[in-house]
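Hi everyone, thanks for having me. Let's take a quick look at a few spots in this protein together.

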Amino acid sequence: HHSPPDPQPDRPKRFGIAPPQPVPPAHQPIAARDRPQAGESYRAADQPILDQLNAGAAHNFAITMKILRHDIEIEQVGPAGPATELARLLAQRDIPITALEHAYRLYQDSVVRWCLLELALRSESATVTAGAALEITTLVSAHVNLIAQQLLSTYEFERDAWRSRRSASRSARINDILANRPVEVEPTEKLLGYHFGQFHLGVIAWTDRVQSPEVGLAHLESAATALACQLGTSAPPLFEARDEHMARAWVPLGDSENVDSERLSAVKRRWDSPVIVAIGQPREGVEGFVRTHNEADLARNVVQASESSGPRIVFASDLGAVTLMCNDLSATRTWVADVLGTLGVDDTAAAQLRATLREFLRTGGSYAATADALHMHKNSVVYRLKKIEDQLGYSVRDHRLDLENALELASWLGSAVLTQE
């Protein structure tokens with residue numbers, strides 16, 4: 001809004017006091033006085049913000065003086081263009097609205113203080129001074145409150161619009177990277193607030209669809225943050241919600257090309273979030289950013305393809321070749337049945353034999369190590385292995401690779417690939 005014209009320049013002054021001529025402190029650059037303290041949310045050294053702050057203060061002071069002199073209705077006067085631009089600028093910078101409120105408290109205090117000083121100098125009547133002081137304080141307060149309300153609406157609208165635009169821009173840039181399209185690294189890092197020249201840990205997180213969208217999104221972001229904290233990273237993860245129930249994230253690992261195995265085990269053991277998480281392997285640079293995400297996404301496919309209730313946090317490194325066999329479950333189910341035969345039946349007895357064989361192959365064919373791992377007597381392991389070989393029709397030391405892959409598929413995917421009775 002522009003300043004309203006002065007309709008009656010020769011009209012007697014409102015309070016019986018001659019108009020002020022000197023430029024008041026409120027009209028002087030705020031950069032030179034009354035700056036927020038160091039703990040404030042915005043930096044006084046930010047020149048664009050200071051420029052808009054000063055311009056808005058000068059314009060608002062001129063309006064305030066016209067209100068005091070000429071009975072201009074406060075409701076007819078809106079905030080100055082610079083003040084509106086300042087509200088938009090703060091919203092775009094994600095600077096809290098308290099910064100704007102602080103500036104207007106300073107403005108109001110400064111104008112009222114200056115007016116009271118002028119009253120003391122220009123009037124010898126205590127009655128006139130007191131009455132004028134009360135009305136000036138009331139009018140200035142009402143004017144500032146009205147402007148503040150209007151600027152708050154501007155701020156909230158711009159904040160929501162800016163976040164929407166920025167979110168869309170961030171998503172588009174991430175999609176470009178994942179699609180191996182050429183991107184300028186430095187501007188992209190600035191936009192995302194994330195450094196590519198390090199190791200990354202890709203994460204896919206999701207919640208059950210039965211949860212409300214608000215709960216789902218809150219859990220997704222807190223899960224990504226909790227994961228980064230438990231892994232001991234010093235910087236926050238890059239997080240992006242894909243929809244109301246799924247998000248992707250990257251945990252920055254700095255120069256660490258490995259994640260401590262004890263930390264990983266502890267994370268898996270203590271994970272109590274309702275969010276299910278699939279995690280890739282540490283990878284470096286822009287290419288690693290893409291690769292670790294793809295690994296996490298393949299691990300997600302395994303978890304979602306499984307019809308068994310498994311762990312809520314899954315590492316791609318634990319899945320091996322299983323991640324590559326989930327695109328065609330029908331073909332995978334047929335292959336598992338061919339390899340395992342009756343061991344691939346979805347019942348308790350077959351599951352017990354599969355667990356024994358899986359551990360036996362994992363320990364390099366050691367009866368003793370298998371017995372220790374399964375808390376069994378060694379002779380029981382020997383008996384089970386003999387039974388397994390009878391069902392397979394060949395030694396478990398033959399076709400070992402096929403057996404290991406089929407057993408891993410059965411372990412992770414359960415009923416999705418097992419033969420139903």
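Okay, a term before we start: helices here are DSSP runs of H or I with at least four residues, strands are runs of E with at least two, and both are numbered from the N terminus. Keep in mind that this is a predicted model, where local features need pLDDT of at least 70, side-chain atom pairs count only at pLDDT 80 or more, and totals for chains, interfaces and linings use all residues. Residues are numbered from 1 along each chain as its sequence is written, and side-chain values use heavy atoms, leaving out hydrogens and water.

So, find Ile177 in helix α4, residues 126-178. Is Ile177 buried or exposed? Buried, with a relative accessible area of 3%; the cut-offs are under 20% for buried, over 50% for exposed and partly exposed in between, using a 1.4 Å probe and protein chains only. Not counting residues up to four places away in sequence, Ile177 touches several residues, including Phe196, Phe289 and Val290, where contact means heavy atoms within 4.5 Å. Ile177 and Val290 sit 113 residues apart in sequence, yet their C-alphas are 7.1 Å apart in space.

Next up, Arg384, in helix α13, residues 378-392. Arg384 is buried but has no salt bridge, meaning a side-chain nitrogen of Lys or Arg within 4 Å of a carboxyl oxygen of Asp or Glu. Glu359 is the nearest side chain of opposite charge, 11 Å away; Lys and Arg count as positive, Asp and Glu as negative, and His and the chain ends aren't counted.

Last stop: just after helix α2, Asp94 takes a positive phi of about 60°.
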